[in-house]
Amino acid sequence: MSVITVENISKQYIIDHQRGKGVNTLRDVVAENFRQWFGRGKQVESGLTREEFWALRDVSFTIEQGDRVGIVGHNGAGKSTLLKILSKIIEPTTGSVRIRGRVASLLEVGTGFHPELTGRENIYLNGSLLGMTRSEIRKHFDEIVAFAGVEKFLDTPVKRYSSGMYVRLGFAIAAHLDPEIMIVDEVLAVGDAEFQKKSLGKMRDVSTSGRTILFVSHNLTAVQALCNKTLFFEKGRLVEQGETNQVIQSYLSKVSKTRLARQWDTPEEAPGNDLVRIRRIELIPEYPDNTTHIDVRTPMRVRFEFWNMMERANLNLSLHLNSLTGECIFNVGTQSLPYGKGLIAGECLIPGYFLNDGSYTISVMVVKDTVTPLFQLEEGLTFDVEDYREGVAWYGKWPGYVRPQFRFEMEALEEVPAK
Amino acid sequence: MKTHEVVIQPGRAERHYWRDLWRNRELLFILSMRDISVRYKQTALGTAWSVIRPLTTMLIMVLVFSVIAKLPAEPGIPYPLMVLAGITVWTFFANAFTQVSNSVTLNANLVTKVYFPRLIMPLSAVAVSFLDFLVSLGLFILIAAWYRFVPDWHILFLPVFMLLALLASFAFGLFFAVINVRFRDIGQLIPFLVQVGFYVCPIAYSSRIVADKWFYKFYILNPLVGIIDGFRWALLGEKAFFNPQSILVSVLMVAVCLAASVYFFRKRENTFVDDI
């Protein structure tokens, strides 16, 4: 039985760009109308320019009862707009949606929490905003408090809560809704690892009881763990839907900003200076079986070629691997050796199970006599390392920059025989 | 399990809107409770403020208009009582009107994150103001008792005028609430309107002093004139000036405005989230 049927929905926004300022006040509109009326139908010079923007465009899909549907896409792809339409918060410009069953949507943790009110008061406030009756809230009250772990602070205003407690309380209330369809937006992005684990577990419990879940997240690992179906949005359009693993593969190959190779054919156009010029830089992943993108397992080679214009010089290469935020994860160098004029290549191997998941950039520097940098190619390559886990039931962000598999073993020293 | 189907389409007014509104009455109650309990948090005097404010306004009124400007009181009614009756109903109207006008914008965080019939927000605003009104009405009764003033059978009509004041504030406020979503100018305009209204309406003076003026027929076009005079009449009896014609104007205008502004609100509420 299909519980949600979405037919050709589109959502259009008109954006007024105004020179100088962004806020549309009554005075501006009055002035605008005034000018138009007295401008006798002529195109009046005005400060307003209008732009149409389609947040969603011709989206159609159906969701069956019990489906756990992940929704992925870049920021601005229309995911949140879709959830808001399904939650009846905004109405579509065209198209229609049919929903069968009680919907609980959780677009924010702790919607409507008032900082001055106590935890207890906020449970009632938030619960009834999410559509619970007071008797339902009363029935689940103790469970909610226990799940959030805020027993001691029930009568403290939530403005005194730590952000972790605040989020836990918000999620705990939502988790005890009893909807047939649950719509969740990026809730797991907040809270500590332990809480993420708890909330993901709770969501899985909900889904195994035959209820339908729509889940938007940037955490692909969580989507993979939780969802059997996935919708992939790009620029307001639904570009792919289907079985989760398959959709995520194509999402990854489409959205990554990866630049794995750069090449300049002649020294004239190549970056560099009178001494050295870069010819080529390339990252060559050695994919394990059945994978098409770099994940934590993938070994990679970085190949670098440059023209040396000096007659004779002692040269070495230095490679920096930086995180997206610009921190250097490591720096390795080659031996310094004498080279004549001509083309020189270097290659560095980054083993699998070394980098943690994340986005990285590589820059390479040519150094003379081990001390004088001749030229540095900044952000020569950009690539993403995806997460991969086996035999782990935890899906939070794995901490750290590196993900080594060091020898780490356990043994039972003594076993108490069972009675 | 009983399942109901919801259809979401552009421009489609929710068919079960009024039923939804009724189902959300608990939310209405909780939102009102929130506004009441939040108001006096972290104040030393707490709920005493709801008594202090009308009382000081009255004292200032009495001082300025009776002692300094020497405005005439209604014959047979102590000036402070006349002023206080006017202030009580006016304060209610002005507060409810202001709160209703701001109700949607103040709850912007809810509008963008959850669905509920949006009419809940102005309704809860007016409910909160009405509770304040009851408190100041109690204050009025205490002061009237101090003046040894006992209301007569006219007081039976009091609920009618209270209801009219409530509906008037709701009707006018609702209209501004919708415009406020798009144009925050309203936030600047409202205090100004309230201030003008204070002098235009018969609060510090009795309508009697304008009853024989040439502009009186325009004066009673103000729907609040009938409501305030009527309220005073119900509380203070026959000696208070009350022209039944003026209340006809009020009833008519409030009815028309209420219908129009509810229609306007319903028409626009689905787009609040895009403009807020």
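**Close-up 1. Gly400(A), an exposed residue of the predicted model.** Gly400(A) belongs to the segment that follows strand 16 (372-385) of chain A. Why does Gly400(A) count as exposed? Gly400(A) has 9, so it falls in the exposed class. The view also takes in Asn356(A), which lies 44 residues away from Gly400(A) along the chain. The C-alpha atoms of these two residues are 6.8 Å apart.

**Close-up 2. Leu226(A), a buried residue of helix 7 of chain A.** Helix 7 of chain A spans residues 220-226, and Leu226(A) is part of it. The cut-off for buried is 20 or more other C-beta atoms within 10 Å. Leu226(A) has 23 and is therefore buried. Which residues does Leu226(A) contact, leaving aside its neighbours within four places in sequence? They are Arg68(A), Gly70(A), Leu200(A), Met203(A), Arg204(A), Ser207(A) and Phe215(A). Ser207(A) is 19 residues from Leu226(A) along the chain. Between the C-alpha atoms of this pair the separation is 8.5 Å.

**Close-up 3. The open sheet of chain A.** Six strands form this sheet, in the order 5-6-7-3-8-9, and the pairing is mixed. Which strands lie at the edges? Strand 5 (103-106) and strand 9 (237-243) of chain A do, each pairing on one side only. On average, neighbouring strands are turned by 15° against each other, direction ignored. Helix 2 (residues 79-86) of chain A lies across strand 3 (68-72), strand 5, strand 6, strand 7 (212-216) and strand 8 (229-234) of chain A. Helix 2 of chain A runs at about 145° to strand 7 of chain A.

**Close-up 4. Strand 6 of chain A and its partners.** Strand 6 of chain A covers residues 181-185. It pairs with strand 5 of chain A in the parallel sense, over 4 bridges. Here Ser105(A) stands opposite Ile183(A) of strand 6 of chain A. Strand 6 of chain A also pairs with strand 7 of chain A, again in the parallel sense, over 5 bridges. On that side, Thr212(A) in strand 7 of chain A is the bridge partner of Ile181(A). Is strand 6 of chain A mostly covered or mostly open? It is mostly covered, with 5 of its 5 residues buried. Ile181(A), Ile183(A) and Asp185(A) point one way from the strand. Met182(A) and Val184(A) point the other way.

**Close-up 5. Chain A as the setting for these views.** Chain A has 8 helices and 16 strands. Of its 419 residues, 35% are buried. Take the contacts in chain A between residues at least 6 apart in sequence: 69% of them join residues at least 24 apart.

**Close-up 6. The contact of chain A with chain B.** Chain A brings 34 residues to the contact and chain B brings 25. On the chain B side, strand 1 (5-8), helix 2 (25-39), helix 5 (108-111) and helix 12 (272-275) each supply at least two residues. Which element of chain B gives the largest share? Helix 2 of chain B does, with 6 residues. The chain B side divides into 12 nonpolar, 6 polar and 7 charged residues. Strands meet here too: strand 4 (residues 94-100) of chain A pairs with strand 1 of chain B in the antiparallel sense, over 4 bridges. Ile99(A) stands opposite Val6(B) of strand 1 of chain B.

**Close-up 7. Helix 3 of chain A against helix 2 of chain B.** Helix 3 of chain A, residues 119-129, packs on helix 2 of chain B at an angle of about 145°. The two axes are 9 Å apart. The crossing is left-handed. Helix 3 of chain A contributes Glu121(A), Tyr124(A), Leu125(A), Ser128(A) and Leu129(A). Helix 2 of chain B contributes Glu26(B), Leu27(B), Ile30(B), Arg34(B) and Ser37(B). The residues of this contact divide into 5 nonpolar, 2 polar and 3 charged.

Close-up 8. In the model, residues 119-147 of chain B are 93% helix and 0% strand. The end C-alpha atoms of that stretch are 42 Å apart. Residues 214-235 of chain B are 77% helix and 0% strand, with end C-alpha atoms 28 Å apart.

Terms used:
Residues numbered from 1 in each chain as written. Chains lettered and ligands numbered in written order. Predicted model: local features only at pLDDT ≥ 70, side-chain atom pairs only at ≥ 80, totals over all residues. Contact = placed C-beta atoms within 7 Å. Nonpolar A, V, L, I, M, F, W, Y, C, P; charged D, E, K, R; others polar. Pairing = 2+ DSSP bridges. Axes fitted to C-alpha atoms, helices over the stretch in contact; angles between N-to-C directions. Left-handed = near helix turned anticlockwise from the far one by under 90°. Buried ≥ 20, exposed ≤ 12 C-beta atoms within 10 Å, placed from the backbone.
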